[in-house]
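Okay, thanks everyone for coming. Have a look at the structure I'm putting up now, and then I'll walk you through it.

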Amino acid sequence: MTPVTHPLIARLETECGWPRLATLAEVETFTGRPGAHCLFIPGDPARNLETADAAVILPELVIAFQRAFDCALVDDAIEAALRDATRALRTPGFLFYREGRFLGAIEKIRDWSDYMTRIPHLLGRISA
């Protein structure tokens, strides 16, 4: 039986056009492109109520940062492996990359001001 995707997560694919990355090779290809990238690891929305909130917050962050980074969803099939590889173990999580280099993560839901401080710090770790 295929798990049902939470409607707010499905919206990221249908309305925002974000790809769903189902293999580590797809992650490598997506994050290796020029520019900054954010991977959204949603976790299980049935067990983690913050997942739906994160699915609403991330598109707003893209707008707030004037599309300084693009986004993709991490599929359940590789979520655990990617969390282990980045040591971003708590979900939901936003993993930031620039041209294939992992910059850091923001785990769980934060205050808006925390995003406004932490994202520029992460993106500035390796200049464009």
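Let's begin with a glutamate: Glu15 is exposed, as its relative accessible area is 63%. When I say exposed I mean over 50% relative accessible area, buried is under 20%, and partly exposed is in between, with a 1.4 Å probe and protein chains only. Before I go on, this is a predicted model, so local features need pLDDT of at least 70 and side-chain atom pairs count only at pLDDT 80 or more, while totals for chains, interfaces and linings use all residues. Residues are numbered from 1 along each chain as its sequence is written, and side-chain values use heavy atoms, with hydrogens and water left out.

Back to Glu15. What does Glu15 form a salt bridge with? The partner is Arg11, and the closest N and O atoms are 3.4 Å apart. A salt bridge here is a side-chain nitrogen of Lys or Arg within 4 Å of a carboxyl oxygen of Asp or Glu. Arg11 itself is partly exposed, at 27% relative accessibility.

How many salt bridges does a search of the whole structure find? It finds nine. Another one joins the side chains of Arg83 and Glu79, at 2.7 Å from N to O. Both sit in helix H4, residues 76-86, four residues apart, or about one turn of the helix. Glu79 is buried at 9% relative accessibility, whereas Arg83 is partly exposed at 21%. There's also a network of salt bridges linking Glu13, Arg20 and Asp75.

Two strands count as paired if DSSP finds at least two bridges between them. S2 (residues 36-41) and S3 (residues 69-74) pair in the parallel sense over five bridges, and His37 stands opposite Asp70 in S3.

S4, residues 93-98, pairs with S5 in the antiparallel sense over six bridges. Phe96 has Gly104 in S5 as its bridge partner. S4 and S5 form a hairpin with two residues between them, and Glu99 in the turn has a positive phi of about 45 degrees. Is S5 enclosed or open? Five of the seven residues of S5 (residues 101-107) are buried, so the strand is largely enclosed by the rest of the structure.

Last stop, helix H5, residues 112-124. Which residues of H5 are buried? They are Tyr115, Ile119, Leu122 and Leu123. Seen down the axis, the buried residues of H5 fall within an arc of 90 degrees, so they line one face of the helix; that arc is taken from the directions from the helix axis to the C-beta atoms. They pack against S2, helix H3 (50-64), S3, S4 and S5, where contact means heavy atoms within 4.5 Å. On the other side of H5, Ser113, Thr117, His121 and Gly124 are exposed.

Asp114 is partly exposed at 23% relative accessible area, and Arg118 is partly exposed at 27%.

That's my tour, so over to you.
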